[in-house]
Amino acid sequence: FPVQQRTTANAGPDARICEGSSFQPAAVATNYQSVKWSTSGSGFFNDPSIFNPVYFPSPADIAAGTVQLFMSLTGFSYGEIIKDTLVLTIAPKPSVNAGPDTFTCTGEEFYTSASASNYISAQWTSPGDGIFGNADTLNTQFLPGAYDIQSKQTMLILNVAGEAVCGQISDTLLLNIYPGFTASLTGDTTI
């Protein structure tokens, strides 16, 4: 009888993905007849009987934040089943809202009312020449510059960075700038 080579299985390294993404393991195996993938969660594989299938996390998997993916190989020896597991961590996707389009008057500071979730850092930018009080916080003040005033508007862009696997997203608000009001009284006037 020929000597059968030993069946080996490695489901691949543990991995981290962003919410809304699918995942394909980088499995490695030798000397097997068939493969079957399964999960501790409730997501699904595009084909659990192929070597490196694509896994689609379910809403419950996303809420849990982690799921285990199991690879089971049937070897050539009678009854030989080899298993390996990887842990898939699902990072929550960031969200951002810079606030509604609005207005301010010349010479007045504008106070942002932004919101964001699942982010590591935030930064405001503007294509104009206005100045932020603190560009690295969600809620700050903005003083329009001379170019912004001349243009009668500017955009305020809020960029938030999620975990590395999720990247950066942004939202923009349009700030219209109206001339300030002045009044002058001359002579004897009664108000």
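This is a predicted model: local features need pLDDT of at least 70, side-chain atom pairs count only at pLDDT 80 or more; totals for chains, interfaces and linings use all residues.
Visitor: What makes β7 and β8 a pair?

Guide: Strand β7 (residues 66-74) and strand β8 (residues 81-91) are joined in the antiparallel sense over nine bridges. Strands, like helices, are DSSP runs numbered from the N terminus, with at least two residues (E) for a strand and at least four (H or I) for a helix.

Visitor: Why are β2 and β4 called edge strands of their sheet?

Guide: The open sheet has four strands in the order β2-β8-β7-β4, with mixed pairing. β2 and β4 (34-39) each have a single partner strand, so one side of each is left without a neighbour in the sheet. From one strand to the next, the twist averages 25°; the axes are lines fitted to C-alpha atoms, for helices over the stretch in contact, and angles run from 0 to 180 degrees between N-to-C directions.

Visitor: Which residues have the most contacts inside the largest nonpolar core?

Guide: They are F23, W37, L69, M71 and L88, in a core of 17 residues. The elements giving two or more residues to this core are β2, β4, β7 and β8, and β7 gives the most, with four residues. A nonpolar core is a set of buried Ala, Val, Leu, Ile, Met, Phe, Trp, Tyr and Cys residues joined through side-chain atoms within 4.5 Å. Buried means under 20% relative accessible area, exposed over 50%, and partly exposed in between (1.4 Å probe, protein chains only).

Visitor: Which residues does M71 touch?

Guide: Not counting residues up to four places away in sequence, M71 has contacts (heavy atoms within 4.5 Å) that include A9, V28, W37, F51 and I82.

Visitor: Why is the pair R16 and E163 called a salt bridge?

Guide: A salt bridge requires a side-chain nitrogen of Lys or Arg within 4 Å of a carboxyl oxygen of Asp or Glu. The closest N and O atoms of R16 and E163 are 2.6 Å apart, so the pair qualifies. R16 lies in strand β2 (residues 15-18) and E163 in the loop between β16 (153-161) and β17 (168-178), so the pair ties together parts that are 147 residues apart in sequence. By this rule the count comes to one salt bridge.

Visitor: Why is K152 called exposed?

Guide: Its relative accessible area is 54%, and the limit is over 50%, so K152 is exposed. K152 lies in the loop between α2 (146-151) and β16, and has a positive phi of about 65° although it is not a glycine.

Visitor: What pairs with β17?

Guide: Strand β10 (residues 102-105) runs parallel to β17 and is joined to it by four bridges, with I177 in β17 as the bridge partner of T104. β16 pairs with β17 in the antiparallel sense over nine bridges.

Definitions and conventions:
Residues are numbered from 1 along each chain as its sequence is written. Side-chain values use heavy atoms; hydrogens and water are left out. Two strands pair if DSSP finds at least two bridges between them.
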